[in-house]
Amino acid sequence: MGDAVSRSRTFRFGSFLLLVLLVGVAAVGYSAWQRYQSFADTPMEGVEKGDSVVVERGDSFRGVLSRLRDAGVRGGEEIEWRLLARQLGADASLHVGEYALEPGMTPRDLLVAMGRGDIIQHRFTIVEGWNIRELRAALARARPLEQESAELDDGALMEALGHPGEHPEGRFLPETYQYSRGDSDLDLLRRAYGAAEQALATAWEARSPDSVLETPYEMLILASIVEKETGIAEERPRIAGLFERRLRIGMRLQTDPTVIYGIGSDYDGNIRRVHLETDTPYNTYTRAGLPPTPIAMPGVAALQAVANPEPGEDLYFVAIGDGSGRHLFARTLAEHQANVRAYLRNYRRNQAGGE
């Protein structure tokens, strides 16, 4: 009888200890779960605006976490980061790239972004009217774009892009391109080249049936001249029509931007009579027809203007001279000379007002 009572007491005590242990384990587990939930949805500490972290090809999750620590992110144990990544399905699908770390961002926000591949997109703009020197100088300053073309001359550059023997001028379409960390200047130029080819092909297919231009490349050259002659959208088709009429009757284009391009890096901002009289392949005062290559990067609007030039009788134009960028047009030399005198009056008045 005594042994039975003793065994009963021992059993009850053991059950009590087991219950206490289970309650303790449950409490610890609940506390850990609460901490985990708090970790997942609490803004990360140590993050400042503009911070970022890079996931590179072949990175382990531990390596990515190490980079987060290096970036200043505090809080959360490795096990918590791993559990959250597994819960979100991000542990096996982290996309390579650069990710923004923004104040207020939680670990859950970051891992969801990494799982979706929401990488930072940087922007680079090719400006309408830039020449190849200006484009290459801007690319050399672009960060974090990888620099692969710095040591290449223009010929080697085009060969690296897969177009050996081509002149680079006018070959890259002006627009804003997005790129991600790890992309190179050559990657961006390949895209800009392809965009320019497509824009030119579209304009060539849509050209006026009586166009004087014989090849798409001639269209590209003339569009580059129109691009440099005016920044006023509604003037482009009119100037394109004027140049086409000159080409049709064999009249020299006599356009300053081509002369300036022929001067090259020696141009100091002032075009002088000696420049107009010095023969170069790009001097359209001394040579008839189009110059041998484009002189700048024409945009889509300039290509469209050359494809469908405005009809009319104008053969001359000159700036108004009032700072607006607009032009006066004329059919005859006498009208043009009167416009030139008006330009000089406006220019002097505008300069005097500026002083």
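**View 1. Helix 7 packs against helix 8.** Helix 7 (residues 185-205) and helix 8 (residues 216-229) meet at an angle of about 105°, and their axes lie 10 Å apart. That makes helix 7 roughly perpendicular to helix 8 (65 to 115 degrees; the oblique class takes what is left after under 35 for roughly parallel and over 145 for roughly antiparallel). This is a predicted model, with pLDDT of at least 70 needed for local features and 80 or more for side-chain atom pairs, while totals for chains, interfaces and linings use all residues. Numbering starts from 1 along each chain as its sequence is written, and side-chain values use heavy atoms, without hydrogens or water. Helices are DSSP runs (H or I, at least four residues), numbered from the N terminus. Axes are lines fitted to C-alpha atoms over the stretch in contact, with angles from 0 to 180 degrees between N-to-C directions.

**View 2. Helix 3 packs against helix 4**. Here helix 3 (residues 78-88) and helix 4 (residues 107-116) pack at about 50°, again with axes 10 Å apart. The two are therefore oblique to each other. Trp81, Leu84, Ala85, Gln87 and Leu88 of helix 3 make the contact with Pro107, Arg108, Leu111 and Val112 of helix 4 (contact means heavy atoms within 4.5 Å).

**View 3. Asn346 reaches Ile320**. Look for Asn346 in helix 13 (residues 333-354). Its side chain comes to 3.0 Å from the backbone oxygen of Ile320. Leaving aside residues up to four places away in sequence, Asn346 touches Ile320, Gly321 and Asp322.

Conventions: Polar contact = N/O pair within 3.5 Å; in protein donor to acceptor, adjacent residues only side chain to side chain.
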